[in-house]
Amino acid sequence: LRRKRADDRLRASVQDGLRLAVIDPLTGLYNRRYAAARLTAIAEAAAAEGGEFAVMVVDLDRFKSVNDHWGHAAGDAVLVEVARRLGQSLRSGDLLARIGGEEFLAALPATGLTEGRIVAERLCHAVEETPVQLPGGAGIAVTVSIGLAVGRAPGAGVPLRDTMRDTVDRADRALLAAKSAGRNQVTISRSAA
C-alpha cells in the first residue's frame, strides 16, 4: 500500500511537470514551446490537404502603462482576462498560446484570409467591448493589435518549416504595422492580401 501511494505521488508529479512544460502558469494557455509543435502540425495538415491556415500575433496595446499605473497584480489580472476572452472567441480546434509577456499567438487550421480577418476583428472587439475588472474593483479599458497572415502549402523544394516560420514572421510584421497605424486594429500581411 505504501509503495502504491509512492508510485501514485511520483506519477502525479511527472504529470504535473509535463503539464507545466507546455502550459503558461498565469493564463493557463499553451506556451511558446507547445505552440511551435502544434503550429507545425497545423501547417502539415494544410500542406497535405492543399489548404490554408491563418496565423495571428496578438499584442496588448500600451500594456506597460497598466503595470506602471495599476501595478503588476493588475497587469496579471488583465493578462488572465484577455486570455479568457481570446479563448472564448476561437473555435475548439484553434490554437491559442501566450508566446511572450503580453503577446499571444492564434493559429486557425483550414482558414483563409476572409475568415481569418473576421475572426481577428472579433478578437479585437471581444477584448475592447468591456473594461477589465481589476481585483480592487476598478475597470480598465484594454485593446489589442493583431497581425494576420495566411499560410499555404509550400512550393516545390521549400521546406514546410520555412513556410510556417515565414507565415509567423509575416504576422509579426503585420502586428508592427498595426501598432504603427494607431493600435486597436487588425493588419493583414501584404503577402497574404
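**Close-up views of a predicted chain**

**Figure 1. Packing around helix H5 in a predicted model.** The buried residues of H5 pack against strand E1 (52-60), helix H4 (72-88), strand E3 (103-109), strand E6 (144-152) and strand E7 (186-188). Helices (H or I, at least four residues) and strands (E, at least two) are DSSP runs, numbered from the N terminus, and contact means heavy atoms within 4.5 Å. This is a predicted model, in which local features need pLDDT of at least 70, side-chain atom pairs count only at pLDDT 80 or more, and totals for chains, interfaces and linings use all residues. Residues are numbered from 1 along each chain as its sequence is written, and side-chain values use heavy atoms, with hydrogens and water left out.

Figure 2. Gly116, Val119, Ala120, Leu123, Cys124, Ala126 and Val127 are the buried residues of H5. They cover an arc of only 165° around the axis, so they lie on the same side of H5; the arc is that of the directions from the helix axis to the C-beta atoms. Thr114 and Ile118, on the other side of H5, are exposed. Buried means under 20% relative accessible area, exposed over 50%, and partly exposed in between (1.4 Å probe, protein chains only).

**Figure 3. The surroundings of Arg98.** Arg98 is found in strand E2 and counts as buried because its relative accessibility is 16%. Its side chain forms a polar contact of 3.1 Å with the side chain of Asp24. A polar contact is a pair of N or O atoms within 3.5 Å; within protein, one must be able to donate a hydrogen and the other to accept it, and residues adjacent in sequence count only if both atoms are side-chain atoms. A polar atom of the Arg98 side chain also lies 2.8 Å from the backbone oxygen of Gly101.

**Figure 4. Two loop residues with positive phi.** Arg62, in the loop between E1 and helix H3 (63-70), has a positive phi of about 50° although it is not a glycine. Arg62 counts as exposed because its relative accessibility is 53%. Asn184, in the loop between helix H6 (160-180) and E7, has a positive phi near 55° and is likewise a residue other than glycine. With a relative accessible area of 28%, Asn184 is partly exposed.

**Figure 5. Confidence along the chain.** The chain averages a pLDDT (the predictor's confidence in each residue, from 0 to 100) of 89.
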